[in-house]
Amino acid sequence: MDIHWNTTIINPEELIKISRGDTSIVYKYLLQFQELIPPRIESLEESLKVGDRKKTRQLLHQMSPQLQFFGIKDIVQPIRRLELEYETMSFEDLSALVNNILMKLHIAIKDVAFVLKENF
């Protein structure tokens, strides 16, 4: 089965490489993303709301490997910046970066749902 990826923000090349093209493994990763990322987004939104820089950094750090597998466009560098500068950057800059990441994550969730619906 060839997977049709017609996605907005996900670049599946890394996921296909990691899974060695095995559709069942790709399916497993898609389901994991769909299961794990939404609750982490909620936690990230809450940590930002209460101004918890450390928890914001921890959550992004936890998500980073999985997000890299999914090749989400322009998300790795902002996460790395936040991991390194979370204590020193202004809260406005931190909020702007996190909100940009959150926007991309919401699109990625829609992409994953679309791929699952269309292919499995």
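A residue counts as buried under 20% relative accessible area, exposed over 50% and partly exposed in between (1.4 Å probe, protein chains only). This is a predicted model, where local features need pLDDT of at least 70 and side-chain atom pairs count only at pLDDT 80 or more, while totals for chains, interfaces and linings use all residues. Residues are numbered from 1 along each chain as its sequence is written, and side-chain values use heavy atoms, with hydrogens and water left out.

**View 1. Confidence along the chain.** The chain averages a pLDDT (the predictor's confidence in each residue, from 0 to 100) of 95, and 99% of its residues score at least 70. Helices here are DSSP runs of H or I with at least four residues, numbered from the N terminus.

**View 2. Helix H2 beside helix H5.** Here H2 (residues 23–49) packs against H5 (residues 91–119), with the axes 10 Å apart and an angle of about 150 degrees. That angle makes the pair roughly antiparallel, a label for anything over 145 degrees. Axes are lines fitted to C-alpha atoms over the stretch in contact, and angles run from 0 to 180 degrees between N-to-C directions. H2 and H5 cross in a left-handed way, meaning that the near helix is turned anticlockwise from the far one by less than a right angle. The residues of their contact come out as 20 nonpolar, 4 polar and 1 charged.

**View 3. Helix H2 beside helix H3.** Now look at H2 with H3, residues 53–69: their axes come within 10 Å and cross at roughly 165 degrees. H2 and H3 are therefore roughly antiparallel to each other, and H2 passes H3 in a left-handed crossing.

**View 4. Asn-119 in helix H5.** Asn-119 sits in H5 and is buried, at 5% relative accessible area. Its side chain reaches the backbone oxygen of Val-115 at 2.9 Å. A polar atom of the Asn-119 side chain also lies 2.9 Å from the backbone nitrogen of His-4.

**View 5. Two loop residues with positive phi.** Arg-20, in the loop between H1 and H2, has a positive phi of about 55 degrees although it is not a glycine. Arg-20 is exposed, at 78% relative accessibility. Asp-74 belongs to the loop between H3 and helix H4 (76–85), and its phi is near 55 degrees, again a positive value in a residue other than glycine. Asp-74 counts as exposed too, at 63% relative accessibility.

Notes:
Angles under 35 degrees count as roughly parallel, over 145 as roughly antiparallel, 65 to 115 as roughly perpendicular and the rest as oblique. Ala, Val, Leu, Ile, Met, Phe, Trp, Tyr, Cys and Pro count as nonpolar, Asp, Glu, Lys and Arg as charged, and the others, Gly among them, as polar. A polar contact is a pair of N or O atoms within 3.5 Å; within protein, one must be able to donate a hydrogen and the other to accept it, and residues adjacent in sequence count only if both atoms are side-chain atoms.
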